[in-house]
Structures are given as C-alpha cells and as structure tokens.
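Reader: I would like to learn how to read the features of a model like this one. Can we take them one at a time?

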Amino acid sequence: MASDDTAARGRGRPPKVLLDAPIIVDAALALCDEHGAEALTVRKLAARLGVDPSALYRHVADKDELHLLLADRLFAEVLESFEPTPGDWRATLRDLAFGSRETALRHPAAAVVATYRTTRRPAEMRIVEHILTAFAEAGCDPEQSALLHRVYGDFTLAWSGMDAAFATLDPAAQAGDEAAWTRDYVAVDPSRHPAIARTSAHMATMTGERVFRAALEVLLDGLEARIGRTGQG
C-alpha cells in the first residue's frame with residue numbers, strides 16, 4: 001500500500017496522455033478547423049494534447065509526415081459517405097468528386113495544407129482503387145486508366161483546394177469578391193467590354209456549387225469522348 005507521501009505526489013501529477021498517430025491527427029484536424037492552418041505547429045498541437053512536444057515525435061516523424069497523415073484523414077472522411085455505383089463509372093466518379101469537395105469545405109484549412117499531397121497511405125489507396133476501377137469499367141486499358149486517373153484526380157483535388165482556400169479568407173474579403181459579380185461587372189463600360197456587359201446579368205447566378213457541377217460534367221463528357229475515340233481503334 002502506497003504511503004501518504006507517495007499518494008500525495010501521485011495526486012499532484014497530471015494524468016498520463018495516451019498518444020498514437022490517429023489521436024494526434026484528429027487533434028491536428030480540430031486545431032485547423034478552429035484556428036486555421038497557421039495554428040498547426042508542433043508546439044500548439046502538443047499544448048492541445050497536454051503533452052511535451054517531444055512526445056509527438058515518437059508517433060509522427062516530422063511536420064511533413066503530419067501533413068501526409070492529415071491528408072489521408074480527409075480522404076478517409078470522403079470514403080465514409082461514398083459508395084461506388086457498379087456499372088456506372090460516371091456516377092462513381094461524380095459522387096467521389098462531390099464528396100471530395102464537400103469534405104474540403106468542411107475542413108478548409110486542413111484541405112489547403114493537404115489536398116495537393118500524395119499520401120501513399122490506406123485511404124488514398126482506396127480512393128485510387130475506386131477511380132481506376134471506374135475507368136476499367138468504362139473500357140480503358142491500364143495505360144489509359146493511369147492517365148485519366150491523374151486527369152480526374154488532379155481536377156478534383158485542385159478544385160476542392162481552390163474552394164477551400166476561398167473559404168479560409170476573411171469574411172470581408174469573401175464578401176468583396178462575391179459582390180464583384182453584382183457590382184463591378186455590372187457597371188463595366190459596354191463600349192470597352194461588350195462581352196462582359198452582355199453577360200453580366202447572369203454572372204451573379206453562378207454559385208460555386210453550380211459552377212463545380214457544370215465543370216465536372218464537362219470533364220466527364222470529355223473523358224467519355226476520349227474513351228470512346230480510343231475504343232474505336
């Protein structure tokens with residue numbers, strides 16, 4: 001039985017924090033969500049977890065590995081609500097793209113840090129497997145599947161990252177950019193910018209969601225046309 005002095009010393013110690021990579025990554029994601037990507041430092045992450053910064057390095061090699069783990073954490077979240085549509089490659093790729101953008105907008109600061117990385121980790125591998133399977137179902141050979149996977153994947157990640165970056169702007173900056181379509185473009189001199197003047201009344205209706213959907217369908221149409229031409233020999 002411990003002495004009174006030993007028990008007293010034990011009561012004075014902070015509880016030991018059990019760490020592993022998933023706990024660290026979840027804390028990093030929460031830190032980004034609450035305070036932005038600039039808050040993602042080893043010191044602040046350690047403070048959030050209640051540990052010494054050196055404790056993090058026993059589970060994550062460096063900040064670069066943390067970014068890769070964070071990227072794969074976002075990919076895993078995409079997969080939580082995604083199911084491929086067997087026999088309909090366009091539906092599979094459409095749903096995966098929507099899910100990627102929605103996840104980026106839920107975690108914009110983390111998406112800005114992570115969407116351009118290649119993680120080589122389980123969730124990314126699963127997503128790549130779904131994409132390549134979709135192109136195989138469309139009739140692509142392995143070389144074409146590899147190329148079109150990069151075309152589709154880079155489009156989806158780049159667009160999601162762009163929308164996420166906009167979402168991290170100061171609200172006043174966002175409002176100013178959005179108001180440009182109803183204020184500045186409507187007021188152009190038709191003699192200098194006739195095409196803008198002719199179109200400006202419609203520009204304010206082009207929301208981010210609407211434009212993304214249209215761009216994705218243009219991409220899928222182009223991919224289908226390319227696959228069709230290749231299939232004709």
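Author: Start with Glu77, which lies in helix 5. The model is a predicted one, and every value below is computed from it.

Reader: Is Glu77 buried or exposed?

Author: The test is relative accessible area, and under 20% means buried. Glu77 has 10% relative accessibility, so it counts as buried.

Reader: What does the side chain of Glu77 make a polar contact with?

Author: Look for a pair of N or O atoms within 3.5 Å. The side chain of Glu77 pairs with the side chain of Arg106 at 2.9 Å. Setting aside residues up to four places away in sequence, Glu77 touches Thr103, Arg106 and His107.

Reader: How many residues of helix 5 are buried?

Author: Helix 5 is mostly covered, with 13 of its 18 residues buried. The helix runs over residues 63–80 and reaches 26 Å from its first C-alpha to its last, close to the 26 Å expected at 1.5 Å a residue.

Reader: Which residue caps the N-terminal end of helix 5?

Author: For a cap, look for a side-chain oxygen by a backbone nitrogen at the helix end. Here the residue is Asp62, with a side-chain oxygen 3.2 Å from the backbone nitrogen of Asp64. A contact of this kind is also found at the start of helix 9, where a side-chain oxygen of Asp141 reaches to within 3.2 Å of the backbone nitrogen of Glu143.

Reader: What should the 26 residues of helix 9 span, at 1.5 Å a residue?

Author: They should span 38 Å, and the end C-alpha atoms of helix 9 are 37 Å apart, which agrees.

Reader: Now to helix packing. At what angle do helix 6 and helix 9 pack?

Author: Take the angle between the axes, then ask which class it falls in. Helix 6 (residues 89–106) and helix 9 (residues 142–167) pack at about 25°, with their axes 8 Å apart. Angles under 35 degrees count as roughly parallel, and helix 6 and helix 9 are therefore roughly parallel to each other. Helix 6 passes helix 9 in a right-handed crossing.

Reader: Which residues in helix 6 and helix 9 meet?

Author: In helix 6 they are Leu93, Leu96, Ala97, Ser100, Arg101, Ala104 and Leu105; in helix 9 they are Tyr152, Thr156, Ser160, Asp163, Ala164 and Ala167. When reading such lists, bear in mind that an α-helix has 3.6 residues a turn, so residues three or four places apart point the same way.

Reader: How is helix 8 placed against helix 6: roughly parallel or roughly antiparallel?

Author: The angle between helix 6 and helix 8 is about 155°, and their axes are 8 Å apart. The two are therefore roughly antiparallel to each other. Their crossing is left-handed. Trp89, Thr92, Leu93 and Leu96 in helix 6 meet Ile127, Ile131, Ala134, Phe135 and Glu137 in helix 8.

Reader: And at what angle do helix 8 and helix 9 pack?

Author: Helix 8 (residues 122–137) and helix 9 pack at about 120°, with their axes 9 Å apart. That makes helix 8 oblique to helix 9. Helix 8 passes helix 9 in a right-handed crossing. On the helix 8 side, the residues that meet helix 9 are Val128, Ile131, Leu132, Phe135 and Ala136; their partners in helix 9 are Ser145, Ala146, Leu148, His149 and Tyr152.

Reader: What is the phi of Arg120?

Author: Most residues other than glycine have a negative phi. Arg120 has a positive phi of about 60° although it is not a glycine. Arg120 is found in the loop between helix 7 (108–114) and helix 8, and is exposed, with a relative accessible area of 54%.

Reader: How far apart in space are Glu34 and His107?

Author: Glu34 and His107 are 73 residues apart in sequence and 9.5 Å apart in space, C-alpha to C-alpha. Glu34 lies in helix 2 (residues 21–35), and at 47% relative accessibility counts as partly exposed. The side chain of Glu34 also makes a polar contact with the side chain of Arg48, at 2.8 Å.

How values were computed:
Residues are numbered from 1 along each chain as its sequence is written. This is a predicted model: local features need pLDDT of at least 70, side-chain atom pairs count only at pLDDT 80 or more; totals for chains, interfaces and linings use all residues. Side-chain values use heavy atoms; hydrogens and water are left out. Helices (H or I, at least four residues) and strands (E, at least two) are DSSP runs, numbered from the N terminus. The expected span of a helix is 1.5 Å times one less than its number of residues. Buried means under 20% relative accessible area, exposed over 50%, partly exposed in between (1.4 Å probe, protein chains only). A polar contact is a pair of N or O atoms within 3.5 Å; within protein, one must be able to donate a hydrogen and the other to accept it, and residues adjacent in sequence count only if both atoms are side-chain atoms. Axes are lines fitted to C-alpha atoms, for helices over the stretch in contact, and angles run from 0 to 180 degrees between N-to-C directions. Angles under 35 degrees count as roughly parallel, over 145 as roughly antiparallel, 65 to 115 as roughly perpendicular and the rest as oblique. A crossing is left-handed if the near helix is turned anticlockwise from the far one by less than a right angle, and right-handed if clockwise. Contact means heavy atoms within 4.5 Å.
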